[in-house]
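Q: I would like to learn how to read the structure shown below. Please go through it feature by feature.

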Amino acid sequence: MTVLIVTHSGDNEAPERVAEAVRARGGAALRLDSDQFPGSIQAEIDPVRGGGTLALRAGMLPLRAVRGAWVRRLAVGHGLPLDALTADERAACLGESRAALRALLDAIEAPVLGRPGAVAGAQDKLLQLRLAARVGL
């Protein structure tokens, strides 16, 4: 069992505690520090056949090997050298980097706790009210 923990380099001890719990159950916990994405973390996503691979410090991880993921705190692109760019260039780099990480997480066919698209929908109060009315609440 491989669990992917997505956080950032400056997070507190919670991701390591989750990793310890996964290892105690015989699984492998791999950490993706989102502030290192896309710089030192590389990903390949296959939109046609699904899946892809993720290159982490721990090695290559086929996305099909991931049995679950926990997305905790995202800081996508914070490790990129953005100071030399214009505001528009920075916005484009960060936007594309965020979109690539979302696509990577969407390519994981296992359960993803905190999937960015689901979190965004959960934060949309008008959407919540429409859905509640639709189901009779």
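A: Start with a hairpin: strands E4 and E5 form one, with two residues between them. Strands (E, at least two residues) and helices (H or I, at least four) are DSSP runs, numbered from the N terminus. Residues are numbered from 1 along each chain as its sequence is written, and side-chain values use heavy atoms, with hydrogens and water left out. The model is predicted, so local features need pLDDT of at least 70 and side-chain atom pairs count only at pLDDT 80 or more, while totals for chains, interfaces and linings use all residues.

Q: How many bridges join E4 to E5, and in which sense do they run?

A: Two strands pair if DSSP finds at least two bridges between them. Here E4 and E5 (residues 59-62) are joined by four bridges and run antiparallel. Within this pair, Leu 56 stands opposite Gly 59 in E5.

Q: Is E4 enclosed or open?

A: Burial answers that: buried means under 20% relative accessible area, exposed means over 50%, and partly exposed lies in between (1.4 Å probe, protein chains only). E4 is largely enclosed by the rest of the structure, because four of its five residues are buried.

Q: What is found at the two ends of H4?

A: At its start, a side-chain oxygen of Asp 124 comes within 3.2 Å of the backbone nitrogen of Leu 126. After H4 comes Gly 136, with a positive phi near 90°.

Q: In what order do the strands of the open sheet stand?

A: The order is E2-E1-E6-E7, and the pairing of these four strands is parallel. Strand E2 (28-33) and strand E7 (112-113) are at the edges with a single partner strand each, so one side of each has no neighbour in the sheet. E6 and E7 are joined by two bridges, and Ala 69 stands opposite Val 112 in E7.

Q: Which residues touch the most other members of the largest nonpolar core?

A: A nonpolar core is a set of buried Ala, Val, Leu, Ile, Met, Phe, Trp, Tyr and Cys residues joined through side-chain atoms within 4.5 Å. The largest has 20 residues, and those touching the most other members are Leu 4, Leu 32, Leu 54, Leu 56, Leu 101 and Ile 108. Two or more residues come from each of E1, strand E4 (52-56), strand E6 (66-71) and helix H2 (87-106). Another core, of six residues, lies apart and includes Ile 5, Ala 19, Ala 29 and Trp 70.

Q: Where does Leu 4 lie, and what does it touch?

A: Leu 4 lies in strand E1 and is buried, with a relative accessible area of 0%. Contact means heavy atoms within 4.5 Å. Not counting residues up to four places away in sequence, Leu 4 touches residues including Leu 30, Leu 61, Val 66 and Ala 69. Leu 4 and Ala 69 are 65 residues apart in sequence, yet 4.5 Å apart in space, C-alpha to C-alpha.

Q: Is His 8 buried or exposed?

A: His 8 counts as buried, at 18% relative accessibility. His 8 is in the loop between strand E1 (2-7) and helix H1 (14-24). Residues up to four places away in sequence aside, Arg 31, Asp 33 and Arg 73 are among those it touches.

Technical notes: Polar contact = N/O pair within 3.5 Å; in protein donor to acceptor, adjacent residues only side chain to side chain.
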